Amino acid sequence: MASKELTTEATDANKLCARWIEEIEAAEKACASWWRSGDVIIRRYKNEVRNGRGGANANVNPIRRFAILWSNVQTLAPAIYAKRPVPEVSRRFNDPDPVGKVAADVLERALSYSLESYDFDGRMQLCRNDYLLAGRGQLWARYVPHIRTVEGGDVDKAEGVEDQDGSDGSEPGEEVEYEEALCDHVAWKDFLTNTTREWAETRWVSRRVFMTRGELKKRFGDKIGNAVPLDGADKKNEDGVDRDGERDASKKAQVYEIWDITTRKAYWVSKSYPVECLDVRDDPLGLKGFFPCPPPLNATVGPDSTIPVPDYVQYQDQAEELDDLTQRIGKLQQALRMVGVYAGDENVTLQNMFTPGNENALIPIDAYDLFKEKGGIKGLIEWVPIDMVIQCLKGCYEARAQIIQDIYQITGLSDILRGDSDPNETATAQGIKAQWGSLRVRDRQKDVQRFARDAIEIKAEIIAEHFSINTLKAMTNVKLMTNEEKQAAQMQMQKQAMIYQGQAQLAQAQGQQPPPPPEPDPEIMELLEQPSWEDVKELLANDAMRSFRIDIETDSTIEPDETAQKQAFTEYVGSITQLMQVASTILPAAPYVAPLFAEIFKQSARVFKVSRTLEDTIDKVFETAEAQPPAQPAGPPAPPPVDPTVLQAEQIKGQTAMVEAQNEQARTQMDGEIAKIDAAVKIQELDVKREALARDPTPQGSA
């Protein structure tokens, strides 16, 4: 019965292996035409031909060609990818979320270190070159824990690692020393999928890996490692010495690593070992999208297949015409030589004429009359007509220039992108050509940026779900406490408070002044207000919450324009200066509008893509401004200081005016008194006259 079960298991394993070998061969058959085209394009790019024996070793092609493919690739390569992408991790909605804010900072630092810890930029460049030549570039993410042996005691064991004797940890054990999330470059012929019309229909992805005998035994064990035939050769490593000391390093086993999303399992198979799968694992990384690779960086693809069409195919006919014309031009240039025939009986005379050193010399000729009768030099020499060769050569140059322009029209490489411009054109015309000539290149740039972002998102998911708190601490240097450290700090503070309370009671009982209370450590208080490492790790490890609350992007991967950067920075400084002037006049009287100004400042900062540190500084500044009480209204302005000399003169002037006013007032009073006296005198005179008339009614002197 047991034998029958073993036989059934072996049969099932054999069927599973055969099924995947069949899938691999079907995918390779579908890609065969594209692979042949890619091989031709790469040989053309390197200007190589196969050797005379028909082998794979290439020699430099002696035939004259025009390196249009090399030129186009060298022009496009730095235009679509020029520098390592910088990860940008932030809260998706910028809501007040302390845990999300710290988690985004931790993840961004971890990604930055991970990208810098190995040659991610070099692997992106390899993908870019595969994309521009063969039409496809691909990366493959891996989680690499580094294990170390610990002598006795409790250890933090790696996942799936048990103690050697199954004890409680008192014996030597293994723990994770540190962890890495790496991205491998997958050559364009080593990446396979099932035949699909679009990426969404992909059921499985696969990459081919070349492994030596020692690598096979280390990865799959001695039994399978010794049984797998070495059926392939890794062309990238032909140094002649194997890593495990064996001679014959050029012979390696071709192992296919297959990730099947329908079963969420990973399989390792070799076509030369159809007995069973080399290994089978359940969802090794636990990624949300399952596949350890982003959608590939593909060139032109149609609606019926995801197999790319290399760019060179689109202008291959024109490139071949260009090569033919270049060969003709070379042959015509060889024909541009002074070749002629001459009369043999005048051999000595003609040789004297063309012998070096006879410049500005007179050469004697015997029987000059006879020489003249023969037509002189023109009658003795007949030159091959090279004017026809020159006209033909001129036509070839013009035809080649037109074909080059046709190729640039097909590829979309304008003269502005190639650094070539007409000095007679206006700046406006060149700006229009630069704008419209870069449209197709811009799409390529966006595709490369998308590819880099997807690869970094996979790295971020591996870091978030698999990296331990100790690794994140070491990678990021973020100052946070664990829950245990927070609890210990709080207990220490409570202990200090109890000690102080006892000291205060003792001092009060003795009639003494109690000592001042202990000041808490501001750094400890700030750390206690921050989330703990467990809070951050819980958010990062939760797929749904991480996706809802954290956004992962990258900055541009193309070479920045320094002039545009300076202009944008100047514009940002000018706008933020104006905002600060407005805010400084409003906030002292109305601190409650500080959140509005803070949001305006942060929105402008996001438009200009400044660092998160500046956003944090903006938050702190406006939080401080909001906490300030409204300013009291100011009193009347103080009078400006006066010069003592001017003040003395003003005082003298005032005193003089006062004296004059007093004199005028006295004069007015005196005039009033005189007027009263005059009036009294007149009244007295009238009274006298009235009395006189009463005594003598007849005035004297009347008739």
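Mentor: Start with α14 and helix α18 (residues 533-541) in this predicted model. Their axes come within 8 Å and cross at roughly 130°. An angle of 65 to 115 would count as roughly perpendicular, and over 145 as roughly antiparallel. The pair is therefore oblique. The crossing of α14 past α18 is left-handed. On α14, the contact uses Ile-463, Ala-464, Glu-465 and His-466. On α18, Lys-537, Leu-540 and Ala-541 take part. By type, the residues of this α14 and α18 contact are four nonpolar, one polar and two charged.

Now the other partner. Helix α2 (residues 68-80) packs on helix α14 (residues 439-466) at an angle of about 55°. Here the axes are 9 Å apart. α2 and α14 are therefore oblique to each other too. The handedness is right-handed for α2 passing α14. From α2 come Leu-76, Ala-79 and Ile-80. From α14 come Val-441, Arg-444, Gln-445 and Val-448. The residues of the α2 and α14 contact divide into five nonpolar, one polar and one charged.

α14 meets α2 through residues including Val-441 and Val-448. α14 meets α18 through residues including Ile-463 and His-466. The crossing with α2 is right-handed, whereas the one with α18 is left-handed.

Key:
Residues numbered from 1 in each chain as written. Predicted model: local features only at pLDDT ≥ 70, side-chain atom pairs only at ≥ 80, totals over all residues. Heavy atoms only, no water. Axes fitted to C-alpha atoms, helices over the stretch in contact; angles between N-to-C directions. Helix = DSSP H or I, 4+ residues; strand = E, 2+ residues; numbered from the N terminus. Parallel < 35°, antiparallel > 145°, perpendicular 65-115°, else oblique. Left-handed = near helix turned anticlockwise from the far one by under 90°. Contact = heavy atoms within 4.5 Å. Nonpolar A, V, L, I, M, F, W, Y, C, P; charged D, E, K, R; others polar.
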